[in-house]
Amino acid sequence: MPEKILPPPAHIGIIMDGNGRWAKKHFQPRSLGHRAGAQNFRTITRYASRIGVKVLTVYAFSTENWARPAEEVGALMKLFKDYLQEALRDFMDENIRVRFIGDTSAFSSELRELIEEVKQASAPKTGMVLNLAMNYGGRAEILRGARAFAQEVLAGQHRPEELTEELFDSYLYTAGQPAPDLIIRPSGEQRVSNFLLWQCAYAEFVYFDILWPDFTTDDLDRAIAVYHSRQRRFGGV
């Protein structure tokens, strides 16, 4: 087990990838792979909170995931419902504030009501912010922000030349949060997959050839150790 490195990065993003391949590897249906991944999400989230991560953003369901087989999408929706119900029942013991980034209007009314309940119930929490990226896409987020600014220009609230990077940040789902310092992707894939495209400009990326359900707290420690081994120059020398 690697030596713990504190403090951890303020904002960590995780692309939770590999549930389907994990299921195939274990001769199980994909739905059970997603269930195993959801259980591991709970473990990693609680651990990140305990070691002092300020913001954890996890990629749970992308705008492109609707193209998967209807049976798989249905299983994922049930998992989201189970998690949200658990969050209201048990997860509130944790000092974690839950936020949702993405277009949640596409979900069922039941799921939207649960999302709102969890947001309100966790709002008083003062610990780690957990961003659940659900029906999220980085390109869609940027378009959403651009349209919002354009509407304000048309309404006379801004002039086009007033738009800066700092102002544009305020139109994103992550407004008011630090940009991600570290983005982790298990599963062996090495791509961004439309995750936090604007925010990840200077994030450090760490890839693991480990399927998400098998990703452990030791692996998170290893990723943090790699992060600390790098020199972040932000385009400078």
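**Note on side-chain contacts**

1. Glutamate 86 counts as buried, at 13% relative accessibility; buried here means under 20% relative accessible area, exposed over 50%, and partly exposed in between (1.4 Å probe, protein chains only). The model is a predicted one, in which local features need pLDDT of at least 70 and side-chain atom pairs count only at pLDDT 80 or more, while totals for chains, interfaces and linings use all residues. Residues are numbered from 1 along each chain as its sequence is written, and side-chain values use heavy atoms, with hydrogens and water left out.

2. Glutamate 86 forms a salt bridge with arginine 42 at 2.5 Å, N to O, where a salt bridge is a side-chain nitrogen of Lys or Arg within 4 Å of a carboxyl oxygen of Asp or Glu. This pair links distant parts of the chain, with glutamate 86 in helix H3 and arginine 42 in helix H2 (residues 30-50), 44 residues apart. Helices are DSSP runs (H or I, at least four residues), as are strands (E, at least two), numbered from the N terminus. Arginine 42 is buried as well.

3. Arginine 46 also meets glutamate 86 in a salt bridge, at 3.9 Å, N to O. Arginine 46 lies in helix H2, 40 residues from glutamate 86 in helix H3. At 21% relative accessibility, arginine 46 is partly exposed.

4. Salt bridges that share partners join Asp17, Arg21, Arg185, Glu189 and Arg191 into one network. Within it, the side chains of aspartate 17 and arginine 21 meet at 3.2 Å, N to O. Aspartate 17 is buried, at 14%, whereas arginine 21 is partly exposed, at 35%. The salt bridges number 17 by this rule.

5. The largest nonpolar core has 43 residues; among those touching the most other members are Tyr83 and Leu130. Such a core is a set of buried Ala, Val, Leu, Ile, Met, Phe, Trp, Tyr and Cys residues joined through side-chain atoms within 4.5 Å. Helix H3 (residues 70-89) gives the most to this core, seven residues.

6. Which kind of aromatic pair do tryptophan 66 and phenylalanine 107 form? Their pair is tilted, at 5.9 Å centre to centre and 40° between the planes. Rings of Phe, Tyr and Trp (its six-membered ring) pair if their centres lie within 6.5 Å; planes under 30 degrees apart count as stacked, over 60 as edge-to-face and the rest as tilted. Tryptophan 66 is partly exposed, at 35%, whereas phenylalanine 107 is buried, at 3%.
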